[in-house]
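Dear colleague,

I am handing over the structure below, and after it you will find an account of what came out of it. Please read it with the sequence and the coordinates open beside you.

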Amino acid sequence: MGLRTAETDGARSVLAALALLLGLQLLGTLLVDLTHLPVPGAVVGLVVLLGVGARFPRFARRAEPAGEPLLKHLQLLFVPPGVGALTQLSTLVQHAGPLALAVVGSFATGLVVAGLVLQRLLRRRGTA
Amino acid sequence: MNALVHAPGFGLFLTVGAYLGAGELHRRLGRPALLAPVLVAMVVVSVVLELLGISYAEYLSSVSVLTLLLGPATVALALPLLRSGRALLADRLAVLVTLVVTGVVSVGVTVAALVALGAPDELVLTTLPRSVTTPVALTVGEAIGANTTLAVVLTLVSGVLGATVGPWLLDRVRVTDARARGFALGVVSHGIGTSRALAESDVTGGWSSAAMVLNALAMTVALPVVARAFH
């Protein structure tokens, strides 16, 4: 009996968390519609959760029962667009040279610049 | 057989099954970055769809629940950021400067390389959301008129590069600080890089997911402005 209650409550908190995340996304969509910001509604929802959650940690914790499993298995959600992407392989091959240079080049410079700049800045702050 | 293959749940079953199987394979082989579960699952699903003669449109309608979950998953990205909030806030200036410098450099290199090689404008637009985490890349890509499916491939490529050669490259340029390593991986290779960063340490992973989210926010604001030059 006790186990059953706990299980029901677990499922309930997952559903409540999912509803909260969806609600924030919809709120974001509404705000985007009202302000004509060139930003996806879900990203505005992220910022709202960040702002409210920084002040009220308990509010953010309510999103965790659905948020954590979603983030842990985020990659599952990329499988369908990825499958669609495989249908675009011909475009990819057609522009393979420029794409490889742009992607690998900006990957490598971005990684090195970010690592070196942040390390330098953190060190300076540490010694100051 | 036909009834089974074209049942509404088949695509979803196939996707979840392939993802779980690929994850298990990945663990058993010692987590090689090239066999990232998302890549293996993509290939397996594509091959099965091809073999059974299921169109991409039919497949998409079967997995619409996964597409729908991208929104709440994006909102949930606030959670890791809230967790590492105190450490980030203490070093906010360093973080902000790094974010801006890296953003300018990597967008600059992308645009310069493609323009120099005479690539069409649409291709430039498609390459822009590359370093951003996929749910955000999809929505931003749509907003700026990118070829979103191709943008997803490039996003995956950046993620896999980050997980495979990222730590090696950071070693070469002597970036030893766990926070700087994590941040660099997250900023250029989002979720896939972050999962690799988590394997190094909790600090590296935390800074990596923070970098992923901050970069997504920065790029959401910056890319539409950059994209205007290519319309």
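**Salt bridges within chain B**

B:Glu24 and B:Arg27 both belong to helix H2 (residues 10-28) of chain B, where they sit three residues apart, about one turn of the helix. Please keep in mind throughout that this is a predicted model. The side chains of B:Glu24 and B:Arg27 meet in a salt bridge, at 3.2 Å from N to O, and B:Glu24 counts as partly exposed at 32% relative accessibility, while B:Arg27 is partly exposed as well, with a relative accessible area of 46%.

Another salt bridge in chain B pairs B:Asp177 with B:Arg179, whose closest N and O atoms are 3.0 Å apart. Here B:Asp177 is buried, with a relative accessible area of 17%, whereas B:Arg179 is partly exposed at 27%.

**Where the two chains meet**

Over all chains the count comes to seven salt bridges, and two salt bridges are counted between chain A and chain B. In one of them A:Glu68 pairs with B:Arg83, the closest N and O atoms being 3.1 Å apart; because A:Glu68 lies in helix H3 (residues 57-72) of chain A and B:Arg83 in helix H6 (residues 78-83) of chain B, the pair joins two chains. B:Arg83 also meets A:Glu64 in a salt bridge (4.0 Å, N to O), and the shared partners join A:Glu64, A:Glu68 and B:Arg83 into one network. Of these residues, B:Arg83 is exposed, with a relative accessible area of 52%, and A:Glu68 is partly exposed, at 26%.

The contact takes 68 residues from chain A and 91 residues from chain B, and the two chains bury about 6700 Å² between them, 82% of it on carbon and sulfur atoms.

Leaving aside its neighbours within four places in sequence, A:Leu77 is in contact with A:Leu70 and with several residues of chain B, among them B:Leu66, B:Leu70 and B:Ala73.

B:Leu66, B:Leu70 and B:Ala73 are also among the buried residues of H5(B). This helix (residues 64-76) has 13 residues and reaches 19 Å from its first C-alpha to its last, close to the 18 Å expected, and a kink of about 30 degrees lies at B:Leu70, shortly before the proline B:Pro72.

With kind regards

Conventions: Residues are numbered from 1 along each chain as its sequence is written. Chains are lettered from A and ligands numbered from 1 in the order in which they are written. This is a predicted model: local features need pLDDT of at least 70, side-chain atom pairs count only at pLDDT 80 or more; totals for chains, interfaces and linings use all residues. Side-chain values use heavy atoms; hydrogens and water are left out. Contact means heavy atoms within 4.5 Å. Helices (H or I, at least four residues) and strands (E, at least two) are DSSP runs, numbered from the N terminus. The expected span of a helix is 1.5 Å times one less than its number of residues. The bend at a residue is the angle between axes fitted to the seven residues ending there and the seven starting there. Buried means under 20% relative accessible area, exposed over 50%, partly exposed in between (1.4 Å probe, protein chains only). Buried area is the accessible area (1.4 Å probe) that two parts lose on being put together, summed over both.
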